[in-house]
Structure formats: C-alpha cells, structure tokens
Amino acid sequence: MSKYLLRRVLIMIPVLAGISLVLFTVLALAPGDPFEELATNPNVPPEVRANLRHQFGLDDPIPIRYARWFTSMLKGDWGFSFVSRINVGTLIMQRLPTTLWVLGLAQSLGLLVALPVGIYAALRPYSLFDQIATTFAFVGFSLPTFFTGILFILFFSIYLDWLPFIYRADIGATGWRWYWENARQALMPVAVLGLAQGASMTRFVRSAMLEVTRLDYINTARAKGLTEKVTILKHAVRNALIPVVTLVALQIPGIFTGAVITEQIFRVPGIGSLLITSILANDTPVIMAITFVFSCLVVLFSLVADLLYGWLDPRISFR
Amino acid sequence: MTPPNGVASEAVSPAVARARVRGTTSMRSEAWRRFRKHRLASVGAAILVVMVIAVVAGPFVYRVPIDEIDFKAKLKAPSWAHPLGTDDLGQDLLARMLYGGRISLAVGVVAMLIAITAGTMIGAIAGQMGGSVDHVLMRFTDLFLSLPQLPLLLLLAYLFRDALKKALGPEMGVFMLMVVVIGGLRWMPVARLVRAQFLSLREKEFVEAARGLGAAPLRQVIRHILPNAVGPVIVAATIDVAAAILAESSLSFLGLGFPPDIPTWGRILFDAKDNLDFAPHWAIFPGTAIFLTVLSINYIGDGLRDALDPRKVLS
C-alpha cells in the first residue's frame, strides 16, 4: 500500500511538470508584458526598465526562465504580487482555507443529497419518487451556478431577507455568535455549489445502482436470507460506488469552475475571487500561482479518488 | 424494436453499397421515430427551435435598437413599451437579449464544432495508428483533462484579448478568442470516445473485410469506421453545445468575456447582478434564457442517446 502510494505520488511530478509547462508556454506566447505599465509611465526612464527586466531575468531564453520558475515554485518561492506588494505564497495561504472549506462542505452536501436520493430512486425505478428525483437532477444539472446564486440571493436575501448575501471575513463577534454568523453567511454559497454537485452525482448514483441491482449476486444475497438493508448497503451500494468515483473524479476540474463563480457572486474571500481580482488588475505572478494551485488541487483530488478505488474494490491490487 | 434491415445494413454495409444507402435512410427514420418517443427531448427540441428562430429572425421583426439610451425609462419593469423591461441606461432588454442570444448560441455551436473536429481527429489518429502515437496522444489528452478549465479559460482570455481585438476588431476578436479557447479545452472527452470506438470497430469483421478487399487505411477510416462511430459523437456534440454556452456565459458573467456593447446573455447577467434589489427582471430574463437553452439541449442529448443506440430496446 505505502509502495503504491509512493509510486502514485511520484507519477504526480511529471503531470505537474506538464501542467506547469502548458501554463508557462501560454504565458510566454502571450503578447502582454508585465512591465507594460512601467513603459507607459513617463517617470520611469527606459534604462531603469531595462535594468528591472534584466534583474527579473525577463531577457533570458524561455527554457531557462521556465526551469527557474519551476524550481522556485517547488521551493515555495512564488514571487511578489505586483498589486498588493506581498508574498504570493502568503496571499494564497490567507485565501486557500476559505476555498477548501466551502468546497469541502459543498461536496459533502452534494454527497448527502445524492447518495440517499440516487439509491432510493434506483430501488424503485420509474416510480413517482424516481421521476421527480430524475427531473430535479436534470434541472439542477442544467442550472448554471451563477444563475442559481442570483436566484438564491433574490429569494433568501432580498425577498425574505433571511441571509446576508455578502460574505465577510471580519465578523466582529465572538463565541457562539461568531459560529452562527459564519454558518449563516456560508449557507448560500455552500448550498449553490453543493446542490449543483448533488444533481449530477444523483444521476451517476442512480444509473450505477440500476446496473448493479440487476446482477445475479444481488439475487443470491437475497436468496440466502440477508436482510434487505444488508443486501443494498453492503452488496449493491459498495459496488455501485466504483463507477461513481470515476465519474466524480472526472468532474473535479469542473468543481473549481463552480467555486470561482460562487466565490465571485457571494464575494467569498477565497482564491477563486482572488484570481478574478488579480486578472482584472493584471497581477501576473498571482494569476500564475493560483492557476498552478488549482492544477495541484485537481491532481491531488484524483489521487484521493484512486485511493478510494482501492478501498471500495479490493480486486484492484496495489502493486 | 430495431427493424431487421437496420441491423443487417450495419453488418453488410461495407460490401454492398446499395444496401448501405437504403440502410442508412431507414436507420435515420428509425432514430427519428425513437427520438420522438422521448417526450421531454421533443419538448426540448421545440423550445430550442423557437429560441433559434427568435434570435435569428427576432431583430428583423422587433426593430428596437439595442443601444438606445433613455434615462427617463431606466430600470423599468416589463411593460408594453419594453416587454422585458430596461436596464440602468434605459436600453430595451428584449432587443438586447435577441441580439445577444445570437452570439451566445453561435459561440456554442462554433466552439462545439472546433471541439468535435479536434477530438475526432486526435481520437481517430490515436485509435487507428496505435502504438507509441496512441500512447503519446493519450498522455497529452490526460494532461489536458487535468487542467483546471475555468482558471485557464480566464488566463487565456486575459492574455490574448487585446492582441486579438487589435487584429480582428473588437467583436470578431473576442468571438474568435471565445470559440477557440472554449473549443480548445473541450476536445478531450470526444478524443477518448472516438479512440475507444476505433479500437473496437477496427477489429470488427466488416472492417476486416474492407481491409481484405484492399481498402487503403484512409478509406477504411472514412468510409467504414467513422460512419459507425458517429452516434456517440453526435450525443457528445449536443452536450458540448450546452457546455460551451455555459462556458461563454460564465466568462461573460465574470466580466472577462464579451464587452458591454455585445450583450450576450452572460454579459447582461454580469451587468444586472449589482442591481438585484431594485431590478430583478434584468437578471431573471437572461438567466432563464441560458437555463432553458441548456436544459433543452441536455434533454435533446438525452433523447439522441436513446435514439442512436441500436442496442437499447424501446417499446
């Protein structure tokens, strides 16, 4: 097991190198120049600009710049933000926990909705419950997160006035009240993201369950007198989850899309909204670092999915 | 049930051209019959047709300019003068949505075409050549699949926008940027799909027969393998249109897509989102348009999946 884990982690290195190469190529091919602002600023003489370019190594050949960038990324030196003049690493570390919290909670909410609904619907195919559940899943999966977010704000914040629609990082309360305020403001972003996830996961769970419950070994389990609960939960669900894990793992890059949009709508101070502000402010080091962090998260989560596989399906041997 | 001629034509199609022609037409009408059986897919198709007619013909019938500023009528709720209300500059929302819808739908279709063309070609080359070419192309596909889509879309839109605007003009530049970037990040599932189809079809008897009769590899691919791989690709293409429309709307919604003078549905939502408390209609109409389009297309894809899968038995 630990050997497999080690090998799997080692595979991540070329993948990350590949991703970083794509990112760097994109940046190198792009027509913009990070020192463009200095060029238009009359107070900066051209020699100073040339010196700065030289000092930052912008005149070196692209492969050398790439090697330098990648090694310093690995060493944890991510440079300085052009705009806020602080270390990019610090900036991202301030924002990352919020994003991971919102994503984690949303993913859990999605699973909490998808597993019971999908399983129950598949056990009674074409019943009224199944039809309602599939319709809702289909609608939920076609609803773009930015529109659900707007509808939630319209209904819960403006019409009912129950929930705040701007996420605040600095709540001036302590103790229980702090938790309460935080839960209230996290509710809508988590719900928007979680329900979107839950809708597509429900579809996966339902179809995987439908496949599995038709198989002979389920009949065998029933015939040897196992209770319905054990048959479904221990024999059917565990096997049905294997394809579900694959599909969810394939969706991981898409989850970050939802995260960026929800953070932007509800002004959640995570790395998604930091990415948008950095793009609007031409803050190249931060943009590159965040895109790279997102890529790392994608690769990391697919590792988690692979490990989940082994736990769900002992037939997959960790060689 | 599949009629016997539909099944038979698949097996003998390479050898008997006449039967093939007759076979495909009956397969097509069979697929159409199956598609109509899927009630929600038919409703979706009807809604989509109405939408397309509205955005194509609408601006000729409803001749209100999209950029007529009228501060006396700003942020008005729907009325007879402005059926969908107005925005903060008093511009008519119906006119803007009809015009913007054209671009939203066009981005969806063109980006889909790019993704499908690239995906089919890469998948076909990988599946047909096999060996190290296949290996390299598939690792390349895996690499693209693990890229975070939206951040990369944002990065590309940010980096290349100004250069393209300069080269092709503001409207065409942003349009080209959107379709190339969105299509360029969506070909991977198609490539995998086509490759898997090729790997199984390549070993089928009818391809072997064609090979035995001396068909060149290119002819094998174009005449025999591709036509049989087209079903799942059509379904993927349908879903891709919806995904591309969503991607464009997301980019525009984040303020990094089309500029304000090209009011795609996502862009209208972006402008509307800060006025939700006093002009909810401004956000609800474009949002509903995106949602309905995507929902219809997804249902059509669902219906096509049933219709184009000959193994699936429908009563």
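In which hand, left or right, does H5(A) pass H10(A) in their crossing? In the predicted model described here, H5(A) passes H10(A) in a right-handed crossing. Two packed helices are described by the angle between their axes and the distance between the axes. For helix H5 (residues 88–123) of chain A and helix H10 (residues 228–266) of chain A, the axes come within 10 Å and cross at roughly 140°. On the H5(A) side, the contact involves Thr99(A), Val102(A), Leu103(A), Ile119(A) and Leu123(A), which meet Ile232(A), Val237(A), Ile255(A), Ala259(A) and Glu263(A) of H10(A). By class, eight of these residues are nonpolar, one is polar and one is charged.

Chain A has 319 residues, of which 36% count as buried. Among the contacts in chain A with a separation of 6 or more, 71% are between residues 24 or more positions apart.

Chain A also touches chain B, in a contact that takes 38 residues from chain A and 33 residues from chain B. On the chain B side, helix H6 (149–168), helix H10 (217–253) and helix H12 (280–308) each supply at least two residues. H6(B) provides the largest share of that side, with eleven residues. The side of chain B that touches chain A comprises 25 nonpolar, six polar and two charged residues.

Key
Residues are numbered from 1 along each chain as its sequence is written. Chains are lettered from A and ligands numbered from 1 in the order in which they are written. This is a predicted model: local features need pLDDT of at least 70, side-chain atom pairs count only at pLDDT 80 or more; totals for chains, interfaces and linings use all residues. Two residues are in contact if their C-beta atoms, placed from the backbone, lie within 7 Å. Helices (H or I, at least four residues) and strands (E, at least two) are DSSP runs, numbered from the N terminus. Ala, Val, Leu, Ile, Met, Phe, Trp, Tyr, Cys and Pro count as nonpolar, Asp, Glu, Lys and Arg as charged, and the others, Gly among them, as polar. Axes are lines fitted to C-alpha atoms, for helices over the stretch in contact, and angles run from 0 to 180 degrees between N-to-C directions. A crossing is left-handed if the near helix is turned anticlockwise from the far one by less than a right angle, and right-handed if clockwise. A residue is buried if 20 or more other C-beta atoms lie within 10 Å of its own, exposed if 12 or fewer, and partly exposed in between; C-beta atoms are placed from the backbone.
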